[in-house]
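Please look at the sequence and the model first.

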Amino acid sequence: MSLWAIIPVKPLKNAKSRLSPVLMPDQRFELAQAMLRHVLSVTMGVRQVTGVLVISRDTKALAIAREIGAKTLQEGAMSNLNPALMRATLVVQSWRADAVLVLPADLPFVRSDDIGGMIGQAVDRSIVIATDNASDGTNALLVRPPGAIEFQYGPGSFARHIRSANAAGLHAITYESDRLALDIDLPEDLATYQRILAAGQFGHLPSFSLPCGAD
């Protein structure tokens, strides 16, 4: 199987605005950049991944991706996530990909066995999907073959992606992973992030002093 990972990245300077009650803008930038580097490094180290394509309008994010060895695709200023992902899918299809794995850039604790585990569950004409802690969004989505369903990211996307797969006659496989479920969007997510760092793992990620009551 030729599988390409697609990582969409929002502009790093504007990332994680919902953390503004607990982090300053430069801290949010530092966190977003560190998580992107982590996701890229982990994904590129998985032997079953043929290549990684980063799609973004942010030249800094694209430069980081190229520095680590990923391919890049520049988004237009008015591009939206779902059409951008379809555009990226068409690109990797032209590179003969027969599966795509969409990963967000804000999974600080993703490990290679999470990605390998999802790939291992994929069968012909299937999706493998991992949700967030609220069982609402889509935190990782493997589609085989590429383009078999439309991307439907946004609130409630987990259920919509499964319905789309069923309607298209694809196997819909749910992948359970606490690490994939933890993206960093809200102050309570950051508090969990800090507790995991305090346990002594993932020392390459930045740590922050949170205001009293934030955890």
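Two strands pair if DSSP finds at least two bridges between them. Helices (H or I, at least four residues) and strands (E, at least two) are DSSP runs, numbered from the N terminus. The model is predicted, so local features need pLDDT of at least 70 and side-chain atom pairs count only at pLDDT 80 or more, while totals for chains, interfaces and linings use all residues. Residues are numbered from 1 along each chain as its sequence is written, and side-chain values use heavy atoms, with hydrogens and water left out.

Q: What is the order of the strands in the open sheet of seven strands?
A: The pairing in this open sheet is mixed. Strand 3 (71-74) and strand 7 (171-174) stand at the edges with a single partner strand each, so one side of each has no neighbour in the sheet. The seven strands follow the order 3-2-1-4-6-5-7.

Q: Which residue of strand 4 (residues 99-102) is the bridge partner of L3?
A: Strand 1 pairs with strand 4 in the parallel sense, over four bridges. Within strand 4, the partner of L3 is A99.

Q: Which residue in strand 2 (residues 49-56) stands opposite V9?
A: Strand 1 and strand 2 are paired in the parallel sense over seven bridges. In this pairing, the residue opposite V9 is S56.

Q: Which residue in strand 7 stands opposite V128?
A: Strand 5 (residues 126-131) pairs with strand 7 in the parallel sense over four bridges. Opposite V128 stands I173.

Q: With which residue does the side chain of D185 make a polar contact of 2.9 Å?
A: D185 lies in the loop between helix 6 (178-181) and helix 7 (187-198). Contact means heavy atoms within 4.5 Å, and D185 touches K16, R18, L19 and D106, leaving aside residues up to four places away in sequence. A polar contact is a pair of N or O atoms within 3.5 Å; within protein, one must be able to donate a hydrogen and the other to accept it, and residues adjacent in sequence count only if both atoms are side-chain atoms. The side chain joined to that of D185 at 2.9 Å belongs to K16.
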